[in-house]
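Trainee: Hi, could you walk me through this one? I'm new to reading structures.
Mentor: Happy to, let's look at it together.

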Amino acid sequence: MGRPVPESVRHIVRATHHAARAVECPHCGAAAHQPCTTRSKRRRLTVEVHPGRITSWVVSIACCPACQVAPGTPCHSAGRPLYGGAVHAERTTEAKRTAA
């Protein structure tokens, strides 16, 4: 067995992956920093991530300019959560700007 990889090296390696991999995937259950898989867990998705994972990531790191909610709070419209846990497009843009 080898030595553990230093965190500074892990950060560089993770920089090539989608930022949404920092959170657990609600679709396939992949752990944080692990690639998404098919539902059967037979195949790992090397490049893409599930849309639900991206939504979870956006909610966890960005404030929403449209409905003025803090990170960790789902977006809403007229006091009701958006259908299916969706987020406003402005919040997604803000998350991408924050991650860059």
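Mentor: Let's start with a term: buried means under 20% relative accessible area, exposed means over 50%, and partly exposed is in between, using a 1.4 Å probe and protein chains only. Also, this is a predicted model, where local features need pLDDT of at least 70, side-chain atom pairs count only at pLDDT 80 or more, and totals for chains, interfaces and linings use all residues. Residues are numbered from 1 along each chain as its sequence is written, and side-chain values use heavy atoms, with hydrogens and water left out.

Trainee: Thanks! How many helices and strands does the protein chain have?
Mentor: There are 3 helices and 2 strands, and along the sequence they follow the pattern α-α-β-β-α. Helices (H or I, at least four residues) and strands (E, at least two) are DSSP runs, numbered from the N terminus.

Trainee: And what share of the residues is buried?
Mentor: Buried residues make up 25% of the 100 residues in the protein chain.

Trainee: Let's zoom in on helix 3. Which residues are buried there?
Mentor: Arg 91, Thr 92 and Ala 95 are the buried ones in helix 3. They cover an arc of only 100° around the axis, so they sit on the same side of helix 3. That arc is taken from the directions from the helix axis to the C-beta atoms.

Trainee: Which residues are exposed on the other side of helix 3?
Mentor: Those are Ala 89, Lys 96 and Arg 97.

Trainee: What do the buried residues of helix 3 pack against?
Mentor: They pack against helix 2, residues 51–61. Helix 2 has buried residues of its own, namely Arg 53, Trp 57, Val 58 and Val 59, and helix 3 is part of what covers them. Contact here means heavy atoms within 4.5 Å.

Trainee: How do the axes of helix 2 and helix 3 cross?
Mentor: They come within 9 Å and cross at roughly 75°. That makes helix 2 roughly perpendicular to helix 3. Angles of 65 to 115 degrees count as roughly perpendicular, under 35 as roughly parallel, over 145 as roughly antiparallel, and the rest as oblique. The axes are lines fitted to C-alpha atoms, for helices over the stretch in contact, with angles from 0 to 180 degrees between N-to-C directions.

Trainee: What does Ala 95 touch?
Mentor: Leaving out residues up to four places away in sequence, Ala 95 touches Trp 57, Val 58, Ile 61 and Ala 62. Ala 95 also belongs to the largest nonpolar core, which has 12 residues, including Trp 57, Val 58 and Ala 62. A nonpolar core is a set of buried Ala, Val, Leu, Ile, Met, Phe, Trp, Tyr and Cys residues joined through side-chain atoms within 4.5 Å.

Trainee: Switching topic: which residue does Arg 97 form a salt bridge with?
Mentor: Its partner is Glu 94, and the closest N and O atoms are 2.8 Å apart. A salt bridge is a side-chain nitrogen of Lys or Arg within 4 Å of a carboxyl oxygen of Asp or Glu, and by this rule the count comes to 1. Both residues lie in helix 3 (residues 89–99), 3 residues apart, about one turn of the helix.

Trainee: Why does Glu 94 count as partly exposed?
Mentor: Because its relative accessibility is 26%. Arg 97 counts as exposed because its value is 54%.

Trainee: Last one: where does His 50 lie?
Mentor: His 50 is in the loop between helix 1 (7–14) and helix 2. His 50 counts as buried because its relative accessible area is 13%. Among the residues that His 50 touches are Cys 25, Cys 28 and Cys 36.
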